Amino acid sequence: MNLSLDTYTAQSQLAKYCRDGIAVDLLGLTPNRLSQYRRLVFNIIKDNIENAFPIAYKYLPAEIWEELVYDFFSIHPCQNYQVWKLPKEFVDFVIDNNYAKKHEIHYLTDLLNFEWAEMELYNMADKPYNYGSFEGDIINDKIKFNPEFILLPLEFPIHIYPPTIATEKKGNYFVLLFREKESGKIQFVDLSVWYSFLIEQVSQNDLTINQILNYAPQLFSNISIDELKTNTILFIKSMITKKFVIAIE
Amino acid sequence: MIGLGYRRDFAEEFISGSIIKPDFVEVAPENWIGIGGYWKKQFNQIADKYKIACHGLSLSIGSPDPLDFIFLKNLKAFLKEYNIDIYSEHLSYAKCDNAHLYDLLPIPFREDAVTHIVERIKIVQDYLERPFIMENVSYYTPVAAEMDELTFINAILEQSGCKLLLDVNNVYVNSFNHNYNAKSFIDGLLLDKVAYIHMAGHLQISDDLIIDTHGEAIIDPVFDLFDYTAGKIQPVPILLERDFNIPEMIELQGEINKLKAITNLRWSKKHELIA
């Protein structure tokens, strides 16, 4: 680096001031102008985060929301050169610093993860999309999914209810988000633990439904495999209609 | 050629071309690298219809931090994918101490900063295998300056071999905010280095301060300064920036028409979008 310590220090102090607002004494400043930089930088961060999390912004008490954004802005060194990915850093920051517990907003982590998943999926790079036929057998042949999806486990059903209601319904929930190939729109599907397990196994381990059904007795006691098989076939057919299943071969 | 900054807010208007008729569009590569889905399809339609110029946000050429070669690699692939000739950036810094700030901070006008930036510009030019174009930015206070802005910009242009994106509105804004003569500033620049021009609106927020918002119409004194500048340089592409407070499309086309009328009077040669 060719910069002198003086020059580096001036740049570093300005950048630090923009983030934490603690006054600095820099050589040659025009009085009362430095605050413009902090205002401009903060507005970029604030607007970005508000736009990424419209539900959280709406439902969190204003003073808590401001605390999260201010803390994030002043403490967290933003890493991504693409500002649209900044909300992911915000989610990680809120989780790592236990704000949900501190403010007893139990649904907060789920809500931020859910809202970010929608944004990430909507914007993310296209994945190879291997169309195939539906000539195979649902139970015994390989099922191919739309590759652009996120499977999200949740403690609170914030994908079904407003946060104020979801917070009273703690449990084990799963939501599938996938991007429609043609329109680019995001679809949401509420899943049972079985269908979540099934999607995970098909996508990660390339198993057939029949192979996955072998695990059912370990997951559920008193389960009727025949009934589960019938329901699973109906589920897969519904996912063909929704264009999440794109081939059975 | 008169271009317009591409924004998702009026993407459909760009694609239909019914009211807005720019000769080319400019995009920030950071907003499009690695994007898929709906917006990728929209962007591909734009790329099919218009020649594209890139104007970056996060290279942070004046930063004390090392250059981000992952970004540069992605940028280079993006420029190649869309056959983009012009890539420009801001003469400022947006990252420091390993933290992005996503805005344009003023570099101390100092000799060591010139040396630092010149070295980095050469690295970027070599890596991207294309001429680099640096924009004069608006600034609201000098920071630890040891020379004036004009000397700083000219030294970088001269030593790095890069070209100048002359933002005429920024010259106007800086001349107002720092009380100097805008035309004298233009006269003092290495005008043979100008490869591209930006025009935009701004917002005066107090008696002595204008903020470069890109959220208002271009005011007449800035058009006048553009006319003055156009009389002193060879034909180059012109870009109208409008990022906020988007007006009716016909108003933007009116600004494009006004810029075109000035260049038609000043320039007889055609100005292609080539760096």
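Helices here are DSSP runs of H or I with at least four residues, numbered from the N terminus, and their axes are lines fitted to C-alpha atoms over the stretch in contact, with angles from 0 to 180 degrees between N-to-C directions.

A word on the model. It is predicted, so local features need pLDDT of at least 70 and side-chain atom pairs count only at pLDDT 80 or more, while totals for chains, interfaces and linings use all residues. Residues are numbered from 1 along each chain as its sequence is written, chains are lettered from A and ligands numbered from 1 in the order in which they are written, and side-chain values use heavy atoms, leaving out hydrogens and water.

Now the helix pair. In chain A, the axes of H9 (residues 193–205) and H12 (residues 225–241) come within 12 Å and cross at roughly 65°. That makes H9(A) roughly perpendicular to H12(A), a term for angles of 65 to 115 degrees.

Which residues in H9(A) meet H12(A)? They are Trp194(A), Tyr195(A), Leu198(A) and Ile199(A), and their partners in H12(A) include Leu228(A) and Phe235(A). Contact means heavy atoms within 4.5 Å.

Next, cysteines. How many disulfides are there over all chains? The count is zero, where a disulfide is a pair of cysteine sulfur atoms within 2.5 Å. For Cys18(A), the closest cysteine sulfur is in Cys96(B), 9.8 Å away and so too far for a bond. Cys162(B) is in no disulfide either, since the nearest cysteine sulfur, in Cys54(B), is 17 Å away.

Note on methods
Helix = DSSP H or I, 4+ residues; strand = E, 2+ residues; numbered from the N terminus. Parallel < 35°, antiparallel > 145°, perpendicular 65-115°, else oblique.
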